[in-house]
Amino acid sequence: MTEYEHILVKRDGDTVTITMNRAARRNSLSAGHLAELLAAFHEAGTSDATGIVLAGAGPVFSAGHDFHDVAERDLIGVRELLTLCTDLMKTMQSVPQVVVARVHGLATAAGCQLVASCDLAVAAESAGFALPGGKGGWFCHTPAVPVARSIGRKRLMELALTGDVIDAPTALDWGLVNRVVPDDELDDAVAELLARATRGSRASKAMGKVTLYAQLDRPEDDAYAIALEVMAAASQLPGAREGRAAFLEKRKPSWPD
């Protein structure tokens, strides 16, 4: 895997772990850091890995945008920075692999956006989540986009308007994360969930992930129109044929992909 300045990338079996490694800056997202994350997700996305874990080194997951970087930019520069960040979030959802956030400590602003943009998220009991711009001077407009699609309108408004931190059990109750576990069980919980989420046909799951994101938040008729055509096409994939044959023949499937 490629060597980076701000992140660590490790492959273990079928899983690629991308670790934000700016602990001294609380894993804040400078342009350089975002660019490396984007490159790493592109590289992992074109590999034969089945899962990607996004983690953070140090005491927090990510404190969001690096204000040192933002303060040096004019309007055009900030727009470019936010575009880079948005490209990263979209890429995380478009890669064929299952992407799991491994969250410890605080995930605030764009750090919370990262969690919401992952397919799945497992949080340690020590984790906290916030869109702090609501009590500051720079409102969390873009981080609120994926968070809204995870937790709903009223809870988004509370998170975004107050800027207060919610704890891990609240994040679980609100739908921002899938699991909350003791800190010393975090790695095992991430591995267990990822193992269950990556079993089966890789090609079928990749198509399914793309389609789920495509139909979310669309009117029901539009969502059905998208899902119907993709599901019909997916029925002809080798994995789908093998899955049906294994079911009918009462045997364990041998996945071709």
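How many bridges join strand β7 to β8? Select residues 128-130, which make up β7, and look across to β8: two bridges join these strands, and they run antiparallel. Bear in mind throughout that this is a predicted model.

**Stop 1**

Opposite G128 stands D167 in β8. The open sheet has three strands in the order β5-β7-β8, with mixed pairing. Colour β5 (106-108) and β8 (166-167): these two stand at the edges. Each has a single partner strand, so one side of each is left without a neighbour in the sheet.

**Stop 2: the hairpin**

Select residues 7-12 and 15-20. These are β1 and β2, paired in the antiparallel sense over six bridges. Click L8 and find T19 of β2 opposite. Next, go to the turn. Two residues lie between the strands of this hairpin, and G13 in the turn has a positive phi of about 65°.

**Stop 3: salt bridges**

The whole structure holds eleven salt bridges. Start with R11 and D48, whose closest N and O atoms are 2.9 Å apart. R11 lies in strand β1, while D48 lies in the loop between α1 (31-45) and β3 (51-56), so the pair ties together parts that are 37 residues apart in sequence. R11 counts as partly exposed at 32% relative accessibility. D48 counts as exposed at 54%.

Move on to D119 and K209. Their side chains meet in a salt bridge, 2.8 Å from N to O. D119 sits in the loop between α4 (110-117) and β6 (120-124), and K209 sits in helix α9 (residues 202-215), so this pair ties together parts that are 90 residues apart in sequence. Is K209 buried or exposed? Buried: its relative accessibility is 9%. D119, at 21%, counts as partly exposed.

Then show R251 and E249. Their side chains form a salt bridge at 2.6 Å, N to O. R251 is partly exposed, with a relative accessible area of 34%. Finally, select R22, R25 and D66. Salt bridges that share partners join these residues into one network.

**Stop 4: a charged patch**

Switch to a surface view. Which residues form the negative surface patch? Select E125, D183, D184, E185 and D188. Zoom in on E185, in the loop between β9 (179-181) and α8 (186-197). E185 counts as partly exposed, at 40% relative accessibility.

Key
Residues are numbered from 1 along each chain as its sequence is written. This is a predicted model: local features need pLDDT of at least 70, side-chain atom pairs count only at pLDDT 80 or more; totals for chains, interfaces and linings use all residues. Side-chain values use heavy atoms; hydrogens and water are left out. Patches are made of residues with over 30% relative accessible area and no salt bridge: like charges are joined within 9 Å, nonpolar side chains (Val, Leu, Ile, Met, Phe, Trp, Tyr) within 5 Å. Accessible areas come from the Shrake-Rupley method with a 1.4 Å probe; for residues, only the protein chains shown count as cover. A salt bridge is a side-chain nitrogen of Lys or Arg within 4 Å of a carboxyl oxygen of Asp or Glu. Lys and Arg count as positive and Asp and Glu as negative; His and the chain ends are not counted. The place of a charge is taken as NZ of Lys, CZ of Arg, CG of Asp or CD of Glu. Helices (H or I, at least four residues) and strands (E, at least two) are DSSP runs, numbered from the N terminus. Buried means under 20% relative accessible area, exposed over 50%, partly exposed in between (1.4 Å probe, protein chains only). Two strands pair if DSSP finds at least two bridges between them.
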